[in-house]
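Have a look at the structure first, then go through the points below.

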Amino acid sequence: MSVLHNCEPKKVFEFFELLSSVPHGSGNTKQISDLCVKFALERGLEVHQDETNNVIIVKSASSGYEDADPIILQGHLDMVCASIENCPVDLTKQGPQLAVDGDWVHAVGTSLGGDNGIAVAMIMAILDDNTLSHPRLEAVFTVDEETGMDGAQALDMSLLKGRKLINLDSEDEGVITAGCAGGVRVNCTLPAKRETIPEGFQLAKLEISGLSGGHSGVDIDKGRASSNKLMARFLNACANKFDIRIVSLDGGTLDNVIASNTVCTLAASKADMDGIKALSEKYDAIYKNEYSTGDPGVCLTFTQTYGDDLCVIKQDSLNIIYVLMNTPFGVQHMSMDIPGLVQTSLNLGPLHLKEQLEFSFSLRSSILSQKEYMVEQLESIIKNAGGSISTHNSYPGWEFNKNSELRQLIINTYKEMTGEDMIVTAIHGGLECGLFIDKTPGLDCVSLGPNMRDVHSVRERLSISSTARLYELMIKVLSDAK
């Protein structure tokens, strides 16, 4: 028996469970893309699959809706793969193991993939139901949204007749998103020349763990710490007191995920080890105090270790610490037009010490000039420390459309169904709508979604009842779009 057999709407959760049966992390979407193509072919629907694994499925208008404007329904196929330590589930080879806890669907030991599998599942359920009334439907399933919106970048919009698009990649029921920030990924390197560890030096492993992490757009204003930045702060304190060398340094997972775990091995003289340990205990207490609300689980641990023969030379170690300490992190500017909306931010994502230090930032802003300024600031700091910088996966923002017919239709339908007013907002996170509008000027877009919490993390969960209500709203909107 399926795990979600008691969840309503049955077809929605049946398709969600089907999608969850295969691996579909970013960059690993061929299997789930083929699954969607098979779904379309089995139902005699027009289907297109491109080289990047994007899928477009077309369903003709139902009787009486032939003259209605086509509607594009859109979600992305890939998920962020997060897992607990020593998790038996390998998301590169299998899908998440689903579980139900009251009104919430979650995964055992991993992220769920509700972002954005539930969108694809709802769209599949709509396409599967021949009793519904609707205009021509164009379902667009993109790939690799989580790692730079590569699918949306590559999508051939000329295959679509629709000029109204409902994106289902939002996370709060009763909220209609009508704008988002643009963004860019900034990849950086710093020199890390190696030498033999000086005689009389010992090794210490330092780890910052227990952080909440989260989405670098949605959660950047929640007061959560970055383990990478906390480690940089502690290393800077060590460098001000002791003669240290970096041996290894790794932290973070994806550029759009706030780093929750960072590990560094330091080399220092035997005489300084007790001092470094005492300093780690001091900063553990500092972090616990500063983040008692935003990240109460924060922990800095010190363990003496052995085994390495090489370390980064002193000057390169100090340069690495300087850059990680001084590059900005978090909210940089708040919107003056939309109260509570983050306007510009950046997140220090994964960093890995190999032959050189490799690290990246996810930078977001609804103001193009501020996005460009933040890139210039990073470039100034990193190049002056002897490093290099390059930008990738830049995507445009989505400007608020004051005269959206689609938004007004959904607002009116929601009011009719619930008696309540929808909240209209813009978000700091990136959505593919900006790219679609850039490709098709005049495209009328909105974004909706059911209640989801802690996406991109092992705590990710999806509300069953909220999904049911959103699905009912979608069906009514399509029926009203005559």
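1. Side chains of opposite charge can pair when their charged atoms come close. By that cut-off, the structure holds 27 salt bridges.

2. A word on the basis. This is a predicted model, where local features need pLDDT of at least 70 and side-chain atom pairs count only at pLDDT 80 or more, while totals for chains, interfaces and linings use all residues. Residues are numbered from 1 along each chain as its sequence is written, and side-chain values use heavy atoms, with hydrogens and water left out.

3. Which residue does R469 meet in a salt bridge? The partner is E173, at 2.7 Å from N to O. This pair links distant parts of the chain, 296 residues apart: R469 sits in helix α11 (residues 464-480), and E173 in the loop between β7 (164-167) and β8 (175-180). Helices (H or I, at least four residues) and strands (E, at least two) are DSSP runs, numbered from the N terminus. R469 is partly exposed at 40% relative accessible area, and E173 is partly exposed too, at 22%. For these labels, buried means under 20% relative accessible area, exposed over 50%, and partly exposed in between (1.4 Å probe, protein chains only).

4. Next, D454 and R224, whose side chains form a salt bridge at 3.7 Å, N to O. Again the link is between distant parts of the chain, 230 residues apart, with D454 in the loop between β22 (452-453) and β23 (461-463) and R224 in the loop between β11 (201-209) and α5 (227-241). R224 counts as buried because its relative accessible area is 16%.

5. E290 belongs to helix α6 (residues 273-290) and R233 to helix α5, 57 residues apart. Is E290 buried or partly exposed? E290 is partly exposed, at 42% relative accessibility, and R233 is partly exposed at 25%.

6. Please also look at the network of salt bridges that links K11, E14, K38, E42, R43 and D128.

7. Last, the loop residue. N403 lies between β19 (388-395) and α9 (405-418), in the loop there, and is exposed, with 67% relative accessible area. N403 and D444 are 41 residues apart in sequence, with their C-alpha atoms 9.1 Å apart in space.

Terms used
Salt bridge = Lys/Arg side-chain N within 4 Å of Asp/Glu carboxyl O.
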